Amino acid sequence: MTSTLDAPSIAPPALEVDGVSAGYGQTTVLREVSLVVPAGSVVALLGSNGAGKTTVLRAVSGLLPVRSGTIRIAGRDVTGERAPRRFARGLCHVPEGRGVFRGLTVRENLVLQGAAGREDDAVERAVAAFPILGERLSQQAGTLSGGQQQMLAMAAAYVRSPDLVLVDEASLGLAPIIVDEIFGFLQQRAAEGTALLIVDQFARRALAMAGHAYILRRGRIVHGGPAADLLNAELFDSYLGGQAG
Ligand SMILES: Nc1ncnc2c1ncn2[C@@H]1O[C@H](COP(=O)(O)OP(=O)(O)OP(=O)(O)O)[C@@H](O)[C@H]1O
């Protein structure tokens, strides 16, 4: 006989955004946005400039309070929780513009994210992923090249082995070869089971990695479906016409 303890557990989605509205001051930017990131999966959130993609990520991580709707992380309602509490639950947000502490060294940036007593692990893991960082450990993060700063931001994000990572425009302003390296890193982490919600200007590249994709237009989700469907030329042009990559 099988007891409930023996039954296989079905993991709740890594993230559920349910009917969320949010904005800045008098302006409403997001209107009834709903999306799901299943545990261990990669989801792309795409749309034109100003559609509200960054605002969705800020609402999810608790940097912007929502006006209505619900946000659940791993099945738990976190809508009323502040950002540090959500980060403690396994969420990580790599913001547009790198998000490194520019005045600290590379080593200090990594150690800051690591668990107490395991600082060397953080540095070792980062250097294994991006060997160039090993040559720059004593350098101030603000003096790294844009690509190296993005590598540091990515490596620092993964130090605590998060369950869900929000990645905002990781490839912005970077040379294609660096973008390949950053996306290769994300792909490996995804293969290990970290859920990802990716916002990126290179729509095709994000779609190639994602299982599912949502299109945001003027603060509303206007399409959600398998990423592979959106790679189909007709759908791509109708929703993302004019977007790079
Ligand atoms: N701090 C802010 N105060 C007021 N309005 C803001 C603020 N941040 C963003 N907005 C406005 O909210 C809307 C959505 O911006 P958001 O940055 O979320 O879009 P996006 O889809 O990420 O665009 P992009 O691809 O250009 O970064 C825009 O009209 C923007 O001007």
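Predicted model: local features only at pLDDT ≥ 70, side-chain atom pairs only at ≥ 80, totals over all residues.
Figure 1. The C-alpha centres of domain 1 and domain 2 are 24 Å apart. Domain 1 is built from two segments, 11-90 and 162-245, while domain 2 covers 99-161. Where the domains touch, ten residues of domain 1 are in contact with ten residues of domain 2. On the domain 1 side, helix α7 (residues 176-191) gives the most, with four residues. That side of domain 1 consists of eight nonpolar residues, one polar residue and one charged residue.

**Figure 2. Packing of helix α6 with helix α7.** Helix α6 spans residues 146-158, and its axis lies 10 Å from that of α7. The two helices pack at an angle of about 10°. Angles under 35 degrees count as roughly parallel, and α6 and α7 are therefore described as roughly parallel to each other. From α6, the residues in the contact are G147, Q150, M151, M154 and Y158. They meet I178, I182, F185 and R189 of α7. By class, the residues of this contact are six nonpolar, two polar and one charged.

**Figure 3. The four-stranded open sheet.** The strands run in the order β2-β1-β4-β5, with antiparallel pairing. β2 and β5 (76-77) stand at the edges and have a single partner strand each, so one side of each is without a neighbour in the sheet. In general, strands of a sheet pair through backbone hydrogen bonds, in either a parallel or an antiparallel arrangement.

**Figure 4. Pairing of strand β1 with strand β4.** Strand β1 comprises residues 15-24, and strand β4 comprises residues 68-73. Five bridges join these strands in the antiparallel sense.

Technical notes
Residues numbered from 1 in each chain as written. Domains from an automatic or database assignment. Contact = placed C-beta atoms within 7 Å. Nonpolar A, V, L, I, M, F, W, Y, C, P; charged D, E, K, R; others polar. Axes fitted to C-alpha atoms, helices over the stretch in contact; angles between N-to-C directions. Parallel < 35°, antiparallel > 145°, perpendicular 65-115°, else oblique. Pairing = 2+ DSSP bridges.
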